[in-house]
Amino acid sequence: MDLEKQPQQPAAPAEPAGIRASDADRDRIADILREAMAEGRLTADEHAERVDAVYRAKTVGELEPLVRDLPAPAGTARPATPGAHGQEGPVGPADNLVAIFSSSTRKGRWRVGSRTNAFALFGSVEVDLTEALFGQRLTVINATSIFGSVDVRVPENISLRGSGTGIFGNFEVATLESADPEAPVVVVNGYSVFGSVEAKPKRGKFIADLQDRLRKRLG
């Protein structure tokens, strides 16, 4: 007698906490941590420790505990939850600058996106924002340098923030706070391994319209 074939059971869907984290998921958590540090909820050391954990996280479940004790800034989504995973929000695709045994440069008059990923492996990446056009107030640059270098240059009259980790290397962000509360904010996060990540203002370079507004305000 033939045995009745048993129907195959569909595979159970993955638990939301076990879903692999995307770059957008990590960026959202990094945004929450950045705002928490700016508001004084986290010290610089606590922020650096959590940001390092963000970019090492593999799943959504590893991200959520990093911000469980923090409020989400307005317009910033929490990690994915049942029914919400995959909603990326208004954030557009990131610009990618990659240098592997080579060099990559972005400079001159160009429009900066909300997110830029800079990756150098035995190479160098230069991100020059001194003549760039900012289409949004917040710009996040995720910089990774492994046996290489990532250099970020910004105008003197914007705000520059960020944090990261240097492992047998250097990670340095020269903090700036613009006198104009509406000035663009550039945040540089990431890490370097046997390499360097450096972000600082370029002397004598300003965003002209901000400079003119400050003159009118102070004049």
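**Cavity lining**

I began with the lining of the largest cavity and found that α2 (44–56), β9 (159–167) and β11 (185–193) each supply at least two of its residues, helices being DSSP runs of H or I with at least four residues and strands runs of E with at least two, numbered from the N terminus. The model is a predicted one, so I kept in mind that local features need pLDDT of at least 70 and side-chain atom pairs count only at pLDDT 80 or more, while totals for chains, interfaces and linings use all residues. Residues are numbered from 1 along each chain as its sequence is written, and side-chain values use heavy atoms, with hydrogens and water left out.

I looked up the share of each element, and the largest, four residues, comes from α2. The lining as I listed it consists of Ala-48, Val-51, Asp-52, Tyr-55, Gly-164, Thr-165, Gly-190 and Tyr-191. A cavity here is a set of points on a 1 Å grid over the protein atoms alone where a 1.4 Å probe fits but cannot get out, and lining residues have an atom within 4 Å of a point. I sorted the lining into four nonpolar, three polar and one charged residue, where Ala, Val, Leu, Ile, Met, Phe, Trp, Tyr, Cys and Pro count as nonpolar, Asp, Glu, Lys and Arg as charged, and the others, Gly among them, as polar.

I noted that the structure holds one cavity of 30 Å³ or more, and that the volume of the largest cavity is about 40 Å³, a volume being the space filled by probe spheres set on grid points joined across faces, edges and corners.

**Surface patch**

Next I turned to a nonpolar patch on the surface, formed by Val-98, Ile-100, Phe-101, Phe-122, Phe-147, Ile-167, Phe-168 and Phe-194, which together have about 860 Å² of accessible area. Such patches are made of residues with over 30% relative accessible area and no salt bridge, with like charges joined within 9 Å and nonpolar side chains (Val, Leu, Ile, Met, Phe, Trp, Tyr) within 5 Å; the areas come from the Shrake-Rupley method with a 1.4 Å probe, and for residues only the protein chains shown count as cover.

I looked at Phe-122 in the loop between β4 (115–121) and β5 (124–128), and saw that its phi is positive, about 50 degrees, although it is not a glycine. Phe-147, in the loop between β7 (138–146) and β8 (149–154), also has a positive phi, near 55 degrees. Most residues other than glycine have a negative phi. Phe-122 counts as partly exposed because its relative accessibility is 40%, buried meaning under 20%, exposed over 50% and partly exposed in between (1.4 Å probe, protein chains only).

**Salt bridges**

I then counted seven salt bridges, each a side-chain nitrogen of Lys or Arg within 4 Å of a carboxyl oxygen of Asp or Glu. Glu-198 and Arg-153 meet in one of them, at 2.9 Å from N to O. Because Glu-198 lies in strand β12 and Arg-153 in strand β8, the pair ties together parts that are 45 residues apart in sequence. I found Arg-153 to be buried at 16% relative accessibility, and I noted that Arg-153, Glu-198 and Lys-200 are linked in a network of salt bridges.

Another salt bridge joins Arg-68 and Glu-64, whose closest N and O atoms are 2.7 Å apart; Arg-68 is exposed at 58%, whereas Glu-64 is partly exposed at 28%.

How values were computed
On a 1 Å grid over the protein atoms alone, a cavity is a set of points where a 1.4 Å probe fits but cannot get out, and a pocket is an open set with protein on both sides within 12 Å along at least five of seven lines; lining residues have an atom within 4 Å of a point.
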